[in-house]
Amino acid sequence: MNIIFGPVNSRRFGLSLGVDLSPAGKQCNFDCVYCELKPAKPILCAQNAPNVDEVVAQVQKAFDERLEFDFITLTANGEPSLYPHLDELIKALNLIKQGKKLLILSNGTGVLSEPKFKAMLGLDVVKFSLDSAVEKTFFRVDRAAKSINLVQMIDKMAEFKAVFKGQLVIEVLVVQGLNDNEFEFKVLNEAF
């Protein structure tokens with residue numbers, strides 16, 4: 001199973017070695033209207049995830065091959081914070097990262113789980129998505145699992161921001177006709 005890809009040149013984060021935590025296929029608690037992957041019903045738990053030793057071995061192989069990269073990027077065919085061994089993986093990668101920065105590209109829902117929240121504090125860079133702070137629009141754009149509480153997620157993102165020692169990036173993807181108006185931007189600005 002190929003877990004590692006790249007390095008790829010990222011507009012935001014330089015040369016990035018990707019770590020796909022759901023290499024078998026899309027596993028996400030969102031099904032965003034703009035997702036490049038084929039539509040799939042949102043799920044709440046990752047299945048058939050690679051074990052930590054497999055992931056670490058492939059990252060170590062990239063180091064052994066002397067690949068050039070700036071970031072080790074935890075990503076997925078979906079949401080990487082659904083990975084069931086996130087804390088263990090982050091700790092293991094921090095032991096071998098050789099000065100590279102450890103990054104997660106997340107939709108932000110991991111903050112709703114206390115263990116995932118704490119695990120992500122061990123990262124150097126966290127990129128959360130927040131496409132809308134208006135519940136109706138949020139569900140129209142991100143088509144999230146119905147059990148996700150947007151207000152609680154925003155509150156927990158703010159709590160994460162207050163304690164996180166690394167770099168936090170909040171990304172908004174603007175979708176014409178859905179979240180591209182003044183009201184949406186105003187509510188997003190007030191969210192934190």
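The lining of the second largest pocket divides into four nonpolar, five polar and one charged residues, where Ala, Val, Leu, Ile, Met, Phe, Trp, Tyr, Cys and Pro count as nonpolar, Asp, Glu, Lys and Arg as charged, and the others, Gly among them, as polar. This pocket holds about 160 Å³ of space, and its lining includes Asn29, Leu44, Thr109, Lys116 and Ile148. The model is predicted, so that local features need pLDDT of at least 70 and side-chain atom pairs count only at pLDDT 80 or more, while totals for chains, interfaces and linings use all residues. Residues are numbered from 1 along each chain as its sequence is written, and side-chain values use heavy atoms, with hydrogens and water left out.

On a 1 Å grid over the protein atoms alone, a pocket is an open set of points with protein on both sides within 12 Å along at least five of seven lines, a cavity is a set where a 1.4 Å probe fits but cannot get out, and lining residues have an atom within 4 Å of a point. Grid points are joined across faces, edges and corners, and a volume is the space filled by probe spheres set on the points.

The largest pocket has a volume of about 890 Å³; of the 36 residues that line this pocket, Arg12, Glu36, Thr75, Leu105 and Lys127 are the closest to its centre. By class, its lining has 14 nonpolar, eleven polar and eleven charged residues.

One cavity of 30 Å³ or more is counted, and the largest cavity contains about 40 Å³ of space. Its lining has six nonpolar, two polar and one charged residues, among them Leu21, Gln27, Glu79 and Tyr83.
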